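Please examine the sequence and the three-dimensional structure shown below. The paragraphs after them are intended for a reader who meets this structure for the first time.

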Amino acid sequence: MTLDNWMMLDCDPGAGDPAHLPDTGWLPVPAPGDTYLALHAAGRIPHPFADENEAACAWVKDREWWWRTQFDAVPPAAGERVVLTFDGLDTFARIWLNGVEIGESANMFLAASFDVGAHLRDGGNELLVRFTPPALVVADKQMDTWAIIADPIKESKRNFIRKAQFGWGWDWGPRLPTIGLWRPVRLERQWVAAIENVRFETLAIGDVARVAVTVTVDAFAGAPVNASVTLRTPAGETMASATIDPSRDGRVEFDIADPQLWWTPELGDPTLYDLCVTLIADGREVDRDQRKVGIRTITLDQSPDPDEPGCTFFRFILNDVPIFARGVNWVPASSFVGAITESDYADLLERAAGANMNMVRVWGGGIYEHDAFYDQCDRLGLLVWQDFMFACAPYPEHEPDFVQSVRDEVAYQVTRLRSHACLALWCGNNEGDAVQAFMNRMTGLDTPFLGDLYIHDIMPKTLAALDPATPYWPGSPHGGPSHNSMRGGDVHNWTVWHGLPPTPDDVPVGTFDHSPEAVAYTRYAEDMSRFVSEFGIQAAPARATFARWMKPEAMGLGGAGFLNRVKDHPQDKVNAMLIPVTGLPDTLARYVDFTQIVQAEGMTFGIEHYRRRRPHCSGTLIWQYNDCWPGVSWSLIDGDGVAKPSWYAVRRAYAPVALSFQTLDDGLVELWVVNDTREPVEIDATIDFVTLDGASLTREDVKLFAPANAAEAIWSGRPEGAADRILLVRSRQVEGNRLFFVPIKDIPFAGRPEARIGAIDANTLEVTVSATRYAYGVMLYAEDAATRFSVNGFDLAGGESRTVLVSNARRPIAVGDVTVRSILQV
């Protein structure tokens, strides 16, 4: 059973005594749950996300916290045992059951289990957990860090704590380290034996696929047991079954005729089979494990690129088909990681799949996500690039307890996640070894990365034993003649936005430069990388999101309330991005519009460039998909779940079959088609060179052929570009596109969209938007963050119209709830 009805209490560090805790002052808290949210619900703190309350909640991390629950139970009978399991203790925890200390934990990412039968009472029982402030535990820890990392590692000493690293603040998130039971607590009564783990593997595919199931059992009573293994199709048809003796090797292999493979959405259906393992002892069922599994193979191709000498591929091969990874980087969906729900995951991940994505990178400064995350990715056909939880820091190799804790963590998480169809890659860390290499280049030293023990020894050895089939990559970025080299491996492109010099070969070329020319998103066109695992542009959340969390008087550009939402503070970075595209804003409202325009245009430009380079470039993972709070960041979906214009732009740019224009240095314009599917496609299209008022200067109907899994230039021309002229491509089969010839700020847009809004039912509206002159960035807005739009952020040429469905699953929606305007309208 899951233990609930928890209460919590705080005291001065060291003041709590499990035998003499007070009867009063306890507050209710869900488990899994979050201390900050429970305090807010009780009225002890304001909401940490509102106004500037982050600082007002800083005391929470420095208190000692006690969590308590009471439950009824009976001691175990003969042949039984009772196991108490904490799936997640955050972080330095000590546990008492009925006044007896039964254990401790010092790693947020490890489950902790205890045989508690000897300590149970017949009737009422009390369970206590004490959480010690992390700062006290690591107060005497010391090691060298890096001067160039903005995160104050020396102050937080987060690298000594196996805990979500982003909790101490990042350049997109607040400083709110969590405390408490962030995953369920279970009390399980077991008889004779229990299933420890079930592993599913795909050994080969073809007309007949070969799969393997391995069952690990703890036969704690010494009695003989058997495991019944059954694999069924989604329709319930039994494809294979066997009974095995887990006391021997516990493994069975099946041949599956005409297998339904698991695919990413552009390649097929993500078919999932039902796997059931039943443990039988003395003729009765004693344990059962049921899960969804997918039949698929995944490899990482790093062979030489024959068309770009000196370079290697970095491409994922799914079921023998090379794919282009169209993806994003995922950060925790809330600062309060214990409060993330299954519906949160379903909403965000369904929208990722809906935006034509096929890969999500779980970034190494967050958490190994809850089970529901991976279940959803299995269901939706989203591949997962899984970082181990190490980010932007050196980590201690000299402390035996820490090293052993990491060793246990890696083994636990690999065992936990390895059977998911979505799992595509294990990655050792985020940017740590790359930063060390950068520091060595700056200083002329050859200092080893403190963390090599983990990424080059413990992790690969553990994977070789527990999950040899899933590719492993030591870090991100990594590979090529040096970290971040365009010649091999993966790259983090932070030339755009941060002004870092690019690395075409083995050394960076140029210096840090934050000038508008140096950070312009058009510089993505210089990037010849194999796989871009981070690139992005910062943008504000929706105006309504700001309004939900800030007082009206604080919503001024440059005020303290606004700046508290911008964790990457240097204003010159924002201004440098805006100046050449939109110019500078004079109000917060225009700041929202202008940053969102630049993000949408920049992401489109970058994605189109990288996709045209396939197969030499085989993937892009945008930084970042989501937010942990309502702040200003690189996210496509803001902290309240509102999609920015960039989400819609990325959905268009990530379409499996997509059209894009490219302007060459000599003025020639090419139209490219990219086809990420397994089948060739013929497209009827119209290329129209128009003025802003809708007049057609030239018009050409063309038939385009898009080969399977390829990118090709299929048309070229030399239109006489001007500020009031736009080159369009339109098709009924795929999303169209357009090419401007001057920056957006220099185009005399005058189009104002007109809208007709009608109700389909209580929760759905139909909005038809039209324009007589070219309308840029037509946006539909609603105050309610749960409102969803079938399409948004689109352009309308003169004479065009478009129909949008507007829905809200949580409450009825009225015609007056929606407004429509061009994002350039004041």
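The model discussed here is a predicted one. The largest pocket has a volume of about 1700 Å³. Its lining is made up of 44 residues, and those nearest the centre of the pocket are D87, R186, E196, D371 and Y412. Several elements give two or more residues to this lining, namely the strands β4 (80-86), β8 (112-115), β13 (185-191), β14 (194-204) and β20 (284-293), together with the helices α5 (342-354), α6 (371-380) and α7 (400-417). Which element supplies the largest share of the lining of the largest pocket? That share, six residues, comes from β20. Sorted by class, the lining of the largest pocket holds 17 charged, 16 nonpolar and eleven polar residues.

The structure holds four cavities of 30 Å³ or more. The largest cavity contains about 70 Å³ of space. It is lined by 13 residues, of which N484, V491, N493, T495 and P502 are the closest to its centre. The lining of the largest cavity divides into six nonpolar residues, six polar residues and one charged residue. The second largest cavity has a volume of about 50 Å³. Among the residues that line the second largest cavity are R63, W65, D90, F131 and K163. By class, the lining of the second largest cavity has six nonpolar, three polar and three charged residues.

The helices are considered next. Two packed helices are described by the angle between their axes and the distance between the axes. Two of the helices that contribute to the lining of the largest pocket, α5 and α6, pack at an angle of about 35 degrees, with their axes 9 Å apart. The crossing of α5 and α6 is right-handed. On the side of α5 the contact is made by E342, Y345, A346, L349, E350 and A353, and on the side of α6 by A372, F373, Q376, C377, R379 and L380. The contact of α5 with α6 comprises eight nonpolar, three charged and one polar residue.

Helix α7, which also gives residues to the lining of the largest pocket, packs with helix α9 (residues 452-466). The axes of α7 and α9 come within 10 Å and cross at roughly 40 degrees, and the two helices are therefore oblique to each other. α7 passes α9 in a right-handed crossing. Among the residues of α7 in this contact are F402, V406, V410 and V414, which belong to the side that meets residues of α9 including L453, I458, L463 and L466. The contact of α7 with α9 has twelve nonpolar residues, two polar residues and one charged residue.

How are α14 (residues 588-612) and α15 (residues 645-653) arranged, and at what angle do they pack? The angle is about 20 degrees, and the axes of α14 and α15 are 8 Å apart. Angles under 35 degrees count as roughly parallel, and α14 and α15 are therefore roughly parallel to each other. The crossing in which α14 passes α15 is right-handed. Q596, Q599, A600, M603, T604, I607 and R611 of α14 make this contact with P645, S646, A649, V650 and A653 of α15. Seven nonpolar, four polar and one charged residue form the contact of α14 with α15.

Some local features of the chain remain. Most residues other than glycine have a negative phi, and most peptide bonds are trans. A cis peptide bond joins A31 and P32, with omega at about 5 degrees. P32 lies in the loop between β2 (27-29) and α1 (35-41). Another cis peptide bond joins R614 and P615, where omega is about 10 degrees. P615 is placed in the loop between α14 and β31 (619-622). N98 has a phi near 55 degrees, a positive value in a residue other than glycine. The loop between β6 (93-97) and β7 (100-105) contains N98.

M1 is in the segment before β1 (6-11). M1 and R189 are 188 residues apart in sequence, and their C-alpha atoms are 8.5 Å apart in space. Leaving aside residues up to four places away in sequence, M1 touches F71, D72, V185, R186 and L187. One of these, R186, is also among the residues nearest the centre of the largest pocket.

Definitions and conventions
Residues numbered from 1 in each chain as written. Predicted model: local features only at pLDDT ≥ 70, side-chain atom pairs only at ≥ 80, totals over all residues. Heavy atoms only, no water. Axes fitted to C-alpha atoms, helices over the stretch in contact; angles between N-to-C directions. Helix = DSSP H or I, 4+ residues; strand = E, 2+ residues; numbered from the N terminus. Parallel < 35°, antiparallel > 145°, perpendicular 65-115°, else oblique. Left-handed = near helix turned anticlockwise from the far one by under 90°. Contact = heavy atoms within 4.5 Å. Nonpolar A, V, L, I, M, F, W, Y, C, P; charged D, E, K, R; others polar. 1 Å grid on protein atoms, 1.4 Å probe; cavity = no way out; pocket = protein on both sides within 12 Å on 5 of 7 lines; lining within 4 Å. Points joined across faces, edges and corners; volume = space filled by probe spheres on them.
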